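I opened my notebook for this one and went through it feature by feature. Here is what I looked up, in the order I wrote it down.

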Amino acid sequence: MRIPLTFPMRVLSAMFSMAFISTMLASAQGGNTDQGGTVLKTVIDIPLPGPAVRFDYQSLDAKDGRLYMAHMNADQLVVFDTQKKQVIANLDGFKRVHGVIAVPDVHRVFASATGEHQMVAVDMNTLKIVGMAGPINYPDGLAYSPATKRVFVSDEHGGVDAVVDAETNRLITSIPLGGGAGNTVYDAGSGRILVAVHGVNELVSIDPAAMKIVGRYKLPGVENPHGIALDQANRLAFIAGEENHSLAVFNLNTMKLLTVHQVGEDPDVLAFDPGLGRLYVSAESGIVTVLEESGRDLRQIGQLHLPHAHTVSVDPKSHLVYFPLENVDGHPLLRVMQPAP
């Protein structure tokens with residue numbers, strides 16, 4: 001809002017005081033401050049185990065109804081049953097865990113234990129650690145290529161994408177990216193691995209069989225691209241620029257940038273609901289931006305504030321949205337939300 005210079009200072013001061021108090025109350029109560037229309041409603045808050053510290057990536061196995069959450073600063077991997085709405089396991093041994101991906105194809109869950117410079121493999125049935133791969137300087141996001149049965153790991157500080165055999169848990173090679181590795185995802189439409197690359201502000205395409213870069217695509221208007229989500233059906237990629245709170249819409253057929261939007265400060269994790277055509281962009285600032293597809297573009301339909309809500313996942317079947325919140329009244333909880341009618 002633009003304020004005219006003649007606006008009374010006492011009124012201005014009161015306005016800012018009220019806004020500050022409102023925001024602080026919402027944060028303290030773990031509530032949401034909806035800034036763009038009511039787009040999400042809380043279904044349930046579920047207590048989570050462990051200390052009130054930071055979470056990072058999540059991975060939903062929609063078939064088995066399990067949500068895996070990286071409780072990063074607790075060094076734990078939380079396993080949540082989305083049908084029973086309860087935690088079924090809290091696994092230790094994942095030092096500074098960042099990324100996690102469930103791969104039913106090989107009955108494994110893979111997680112990046114950044115504090116140990118390793119990728120950890122977990123058996124989905126026993127929930128026991130069955131292998132580790134490394135060293136990887138700073139393992140972060142993960143993607144799985146089904147045709148090659150390989151896991152591609154973003155080495156954010158090492159400037160490479162590390163490649164691990166998903167069956168033997170052996171580090172095969174590392175692919176230099178020319179900048180810091182943002183998120184890594186698998187594009188089923190092309191069979192390629194896509195990586196957002198910091199510094200050079202590019203989207204890089206990797207052939208998972210040859211383990212070589214086959215394309216580099218500039219992202220003008222996007223600084224330090226990091227988070228990625230894909231609309232496979234409509235061949236679109238959504239890429240968040242963490243440095244200038246930007247969000248790119250990228251055509252995966254032509255490999256060209258279409259548009260750039262603004263989202264919450266320091267966007268991190270993205271989640272796309274293909275059934276509703278909705279994109280959720282969670283930012284380090286706690287701002288969650290909700291956008292909806294319109295043609296081959298996006299339009300913002302709302303924003304809300306959740307404390308420390310920089311990570312999000314969505315169930316494409318139920319359309320429920322999951323936010324692990326590190327500290328609400330001194331304890332971590334999982335806030336489950338649904339689109340408002």
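**Pockets**

I began with the largest pocket and asked which strands line it: E3, strand E7 (97-103), strand E11 (139-145), strand E15 (181-187), strand E19 (225-231), E23 and strand E27 (313-314) each supply at least two residues of the lining. Strands here are DSSP runs of at least two residues (E), numbered from the N terminus. This is a predicted model, where local features need pLDDT of at least 70 and side-chain atom pairs count only at pLDDT 80 or more, while totals for chains, interfaces and linings use all residues. Residues are numbered from 1 along each chain as its sequence is written, and side-chain values use heavy atoms, with hydrogens and water left out.

I noted a volume of about 1200 Å³ for the largest pocket. Its lining has 36 residues, with Gln 58, Ser 59, Leu 60, Ile 101 and Val 185 nearest the centre. A pocket is an open set of points on a 1 Å grid over the protein atoms alone, where a 1.4 Å probe fits, with protein on both sides within 12 Å along at least five of seven lines; lining residues have an atom within 4 Å of a point. By class, I recorded 25 nonpolar, 9 polar and 2 charged residues in that lining.

Next came the second largest pocket, at about 170 Å³. I found 13 lining residues, and Arg 54, Glu 156, His 226, Asp 268 and Glu 284 lie nearest its centre. Here the classes are 3 nonpolar, 2 polar and 8 charged.

**Asn 244**

I looked for Asn 244 and found it in the loop between strand E20 (236-241) and strand E21 (246-251).

**Aromatic pairs**

My search of the whole structure gave 3 aromatic pairs (ring centres within 6.5 Å). Phe 238 lies in strand E20 and Phe 272 in strand E23 (residues 267-273), so the pair ties together parts 34 residues apart in sequence. I marked Phe 238 as buried at 0%, and Phe 272 as buried at 11%.

Notes:
Helix = DSSP H or I, 4+ residues; strand = E, 2+ residues; numbered from the N terminus. Phe/Tyr/Trp six-rings, centres within 6.5 Å; stacked < 30°, edge-to-face > 60°. Buried < 20%, exposed > 50% of the residue type's maximum accessible area, 1.4 Å probe, protein only. Points joined across faces, edges and corners; volume = space filled by probe spheres on them. Nonpolar A, V, L, I, M, F, W, Y, C, P; charged D, E, K, R; others polar.
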